[in-house]
Amino acid sequence: STSSMLSKQKDKSAASKDGSPEGAAKKQEDGAGTPKQQLLDIIGDMKVEVSYRKKLQQLKASESKKQAMAKLEGPDSEGSVPQGVTEDTQRGKPLNPELVKAASAVASSLPRNKKQTESELLAQLRRHEETTDQQKKGGIINIRNVISEMTIKRQSPAQRGTRTSRRISLQLDEDDKRLRRERSSALSMDSRSLKVGKRLNIFTKASTEPEHALETVSSPTIWDLEFAKEVAAVTAQPPRNGFEEMIQWTKEGIMWEFPIDNEVGMEDDAEFHEHIFLEKHLEGFPKEGPIRHFMELVICGLSKNPYLSVKQKVEHIEWFQKYFEEKKELLQEI
Amino acid sequence: MAAAALSWALRAARQVLPSPCPGQVRSYYVDWRMVRDFKRRKVAYEHADERLRINAIRKNAILPKELQEVADKEIAALPRDSCPVRIRNRCVLTSRPRGVKRRWRLSRIVFRHFADHAQMSGVQRAMW
């Protein structure tokens, strides 16, 4: 029924017609029992409507690519695909296999180059995962990873100009001294680069790196603690200006840290699909009847709730499970 | 000798530093009604989840009526202070039950007192 509803096939998707029914059949053979397989089947059955303009653009793109491929030598074109694969696998951690399956299902439903769309989808997913991971860990978004395809120039022409000028100015000295000074000048030029030095951590969360190893004290006596407290009380002079007052308040926790992080104190490590697809927690309930109907409504409501964590949602469902188990005798009377 | 002198100096320095807290420091509840209201809030918070779930079973057109009657009895058996209806938003400083503005949790008299002394941030006398 879903395929009939959604299938609006056009001329160009003739190729996909041949591919997708086979694909759909394969997936159905795998086992349509699990809900995930059902979902993948639905996605595979769905046909995407392609507008005429987009079709023209895609036609042009495919023609240009075919020309480029024809120009390249045979081994090059074959080698590019596995090269891309190895590049993808080298980057960071591998993706969730379920997400990969879903991406391949979506790619198969689109009428264009399936492999290309799949690789593009996977690359997008990977980028999304990377950014979410870095945001979770509070790490610095390394621009080099993002622009890793661009070549980075090592020597700037400015540096070359200064070096030549220094050489010219030092020609008056003796040969030995000139050589040494060139080397030292080169070193000093490198040492004054922008990447050297401690980061100020203004726009990133200050990483708590222990700069010096803590000396293990056997047991701090009460007198030591008291002394430490007194020293802290004396050294903590009243703030001289508004900035120091704000620093003090930030340390105490009265003021928020700027730039404001919207997710302070919120550590939800669960993926989006754990929040929405809660049917797997419904295994303890009978499959038919009013209780199942009621629990499906509960799950529908929970999936739309952005304020609870996954643990709280699972506890909610488990409470209902316990409750209905206690009332089993009552229910059997009815 | 040196340690004693140092500790004396520290104590003297500490007395010089004033405690930075302006206004009153209250270490008690204003009256017993405020204490009871605080107890009710605590108990209501503890039983909030249970009440929500039992009410979800009661206010239903799907589940059988016998189950709903049992749920009725269960919710009646919970402590009386656990229902949120018993909470009254009293004034935080004077425990006045009426005339309390929710945003500031203060009664109208206290609010006016502080606003006139320019101790309420962003509050001005209206004139238009």
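Which residues does D37(B) touch, not counting residues up to four places away in sequence? In this predicted model, the partners are R86(B), I87(B), R88(B) and R90(B). D37(B) sits in helix α2 of chain B. Its relative accessible area is 7%, so D37(B) is buried.

Chain B contains four helices and two strands. Read from the N terminus, the order is α-α-α-β-β-α. Of its 128 residues, 23% are buried. The accessible surface of the chain is about 10,400 Å². Carbon and sulfur atoms account for 56% of that surface. Among contacts between residues at least 6 apart in sequence, 40% join residues at least 24 apart.

D81(B) belongs to the loop between α3 and β1 of chain B, so the pair ties together parts that are 41 residues apart in sequence. R40(B) is buried because its relative accessibility is 18%, under the 20% cut-off. D81(B), at 24%, is partly exposed. Shared partners extend the pairing: R40(B), D81(B) and R86(B) form one network of salt bridges. R86(B) is also one of the residues in contact with D37(B).

The interface between the chains takes 21 residues from chain B and 21 residues from chain A. The size of an interface is often given as the accessible area lost when the parts come together. Here the buried area is about 1,900 Å². Carbon and sulfur atoms give 78% of it. Polar links across the interface were also counted. Two residue pairs are in polar contact, both at pLDDT 80 or more. One salt bridge is found between chain B and chain A. On the side of chain B that touches chain A, α1, α2 and α3 each give two or more residues. The most come from α2(B), with six residues.

The salt bridge between the chains joins E74(B) and K327(A), with an N to O distance of 2.6 Å. The pair runs from helix α3 of chain B to the loop between α15 and α16 of chain A. E74(B) is partly exposed, at 24% relative accessible area. K327(A) is buried, at 13%.

The largest nonpolar core has 21 residues. Those with the most contacts inside it include F285(A), F294(A), F320(A), I57(B) and L63(B). At least two core residues come from each of α14 and α15 of chain A and α2 and α3 of chain B. The largest share, six residues, is supplied by α14(A). F294(A) illustrates the packing. Beyond its neighbours within four places in sequence, F294(A) contacts F320(A) and F324(A) in chain A, and A56(B), I57(B), N60(B), I62(B) and L63(B) in chain B. Another core, of five residues, lies apart from the largest one and includes L106(B), V110(B), F111(B) and M120(B).

In chain A, E296(A) and R292(A) form a salt bridge, with the closest N and O atoms 3.5 Å apart. The two residues are four apart in helix α14, which means a separation of about one helical turn. E296(A) is partly exposed, at 41% relative accessibility. R292(A) is buried, at 16%. Over all chains, the structure holds 10 salt bridges.

Helix α15 of chain A carries K313(A). At 1% relative accessibility, K313(A) is buried. Its contacts, leaving aside neighbours within four places in sequence, are H275(A), L278(A), L302(A), N305(A) and L308(A).

Key. Residues are numbered from 1 along each chain as its sequence is written. Chains are lettered from A and ligands numbered from 1 in the order in which they are written. This is a predicted model: local features need pLDDT of at least 70, side-chain atom pairs count only at pLDDT 80 or more; totals for chains, interfaces and linings use all residues. Side-chain values use heavy atoms; hydrogens and water are left out. Buried means under 20% relative accessible area, exposed over 50%, partly exposed in between (1.4 Å probe, protein chains only). Contact means heavy atoms within 4.5 Å. Accessible areas come from the Shrake-Rupley method with a 1.4 Å probe; for residues, only the protein chains shown count as cover. A nonpolar core is a set of buried Ala, Val, Leu, Ile, Met, Phe, Trp, Tyr and Cys residues joined through side-chain atoms within 4.5 Å. Buried area is the accessible area (1.4 Å probe) that two parts lose on being put together, summed over both. A salt bridge is a side-chain nitrogen of Lys or Arg within 4 Å of a carboxyl oxygen of Asp or Glu. A polar contact is a pair of N or O atoms within 3.5 Å; within protein, one must be able to donate a hydrogen and the other to accept it, and residues adjacent in sequence count only if both atoms are side-chain atoms.
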